[in-house]
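Trainee: Could you take me closely through the nonpolar interior of this model, and then through what lies around it?

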Amino acid sequence: MPAVGIATGGGGKEYAGKLTSYVLVTCIIAAMGGLIFGYDIGISGGVTSMDSFLRKFFPSVYRKKELDKSTNQYCQYDSQTLTMFTSSLYLAALMASIAAATVTRKFGRKWSMLFGGLLFCAGAIINAAAKAVWMLILGRIFLGFGIGFSNQSVPLYLSEMAPSKFRGALNIGFQLSITIGILAANLLNYFFAKIKGGWGWRLSLGGAIVPALIITVGSLILPDTPNSMIERGQNEKAKAQLRRIRGVEDVSEEYNDLVVASDESKKIEDPWRNLLQRKYRPQLCMAILIPFFQQLTGINVIMFYAPVLFNTIGFGDDASLISAVITGTVNVAATCVSMYGVDKWGRRKLFLEGGTQMLICQIVVAACIGAKFGLNGNADNLPKWYAIVVVIFICTYVAGFAWSWGPLGWLVPSEIFPLEIRSAAQSVNVSVNMIFTFIVAQVFLTMLCHLKFGLFLFFAFFVFVMSVFVYFFLPETKGIPIEEMSRVWKQHWYWKRFVTDEDYPNDGYEMSKPTTVKTV
């Protein structure tokens, strides 16, 4: 770890520099990597509600949905083949994220983005041309490889490029791109579903090539981060790059800290094994638990299957896609709120407020659906006002997620890892995210069939647990330079038992008083 300085006081050291237009533009381009993830989340749920798509690839589901009107509404989409179409991507992303750790560490963040874009392009082409289910799943696997690479590299890139006091807002650009991708997919699904001849689903799936080309071309013009350049021995280039992105000539203090961090990281022969050291216990726990909890908020249930879900609770096919567009719009707007407030209000306040909001909404939605469909899943057409109430509470739930666990689930893990374990730890973060995204996607429709409206209570329980976890175990990371983050663990009531002065002898100063810094 770097010998970052001794402070007599407060929020910690602030390096020289400002938010330059150069950094802003590069971070916007890099954040576009989230488009491919978001587009896929939105598109996969949309096409599975298109009758022409179901007739061609999943006829048993179509028969259950359209021809057998006596089918329990909770179970009409219950098909393991259908869920494998969606969830196969996340197994592929899991495997790719492990390989991406090596690429990101040895070749830089931008090359990992490039590989992600190219692989996603290949998957989009295969899916658009699909003639059988095996082609769909093969295309999904390529899409998953692309997402694994991009999700591993983009959050790290953003956290390393951004000045510490703007890091939260710039990093949340990744989540904003995810939400824009979801919204764009929902809008396209709505219009493509109306194409006569029933081939609109090909345009929906093939449209993924557009966000893939954006991140592919973007990665070619992006500069690499100073952290990554130093890690690969390009010190002079890194110093010049640091001057450019900070907009000042004197960057020696931040540069020296990055060099020390890099020197320490080079002593680590096996960063994967190093992750298991006691002093990294806090970071490892967060790398596992934050993505675990993020997936168990139930958000992917809403976003993957929003059209399916709204169709199930009584909307028509078009109305279900319109409702998905509404939730997508709320998602984008609420993420903008998070971008504005994350560096003003802090991470913990957003986590806790969003968790409370989601908990209340899930309980209300469970009650509404349970009252109408009961345990047998059969109901007459929903009154319009009743359906509107359900949509309002689902949108309120989406807003709570979009300014808390959505963006912060990517931001916090990417900013807490020291350089020597950063790539490996981010791979753990992405891998856990993809494992539980896969599990949730694979079992959701079966759980809906068996747990019925209780599924929302299942996720509400985990929202309660994760809010308690944040309250007691997650320290505030707002405004702390990324190479000084060990301080927050040393001063935390629980984690300080794992992180000692012997582990970080030059990094043990108080953060609660005004800062006076001298370099060590």
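Mentor: Buried means under 20% relative accessible area, exposed over 50%, and partly exposed in between, with a 1.4 Å probe and protein chains only. This is a predicted model, in which local features need pLDDT of at least 70 and side-chain atom pairs count only at pLDDT 80 or more, while totals for chains, interfaces and linings use all residues. Residues are numbered from 1 along each chain as its sequence is written, and side-chain values use heavy atoms, with hydrogens and water left out.

A nonpolar core is a set of buried Ala, Val, Leu, Ile, Met, Phe, Trp, Tyr and Cys residues joined through side-chain atoms within 4.5 Å. The largest one has 62 residues, and Phe-37, Phe-53, Phe-58, Leu-136, Ile-147, Leu-205 and Met-434 have the most contacts inside it. Helix 7 (residues 133-161) gives the largest share of this core, 8 residues, where helices are DSSP runs of H or I with at least four residues, numbered from the N terminus. Leaving aside residues up to four places away in sequence, Phe-53 touches Val-47, Thr-48, Phe-58, Phe-85, Leu-136, Trp-201 and Leu-205, contact being heavy atoms within 4.5 Å. Another core, of 61 residues, lies apart from it, with Trp-405, Val-432, Val-440 and Leu-474 among its members.

As for the cysteines, the structure holds 0 disulfides, a disulfide being a pair of cysteine sulfur atoms within 2.5 Å. Cys-395 is in no disulfide, and its nearest cysteine sulfur, that of Cys-361, is 9.7 Å away. Cys-395 is buried, because its relative accessible area is 9%, whereas Cys-285 counts as partly exposed at 22% relative accessibility.

Technical notes
Helices (H or I, at least four residues) and strands (E, at least two) are DSSP runs, numbered from the N terminus.
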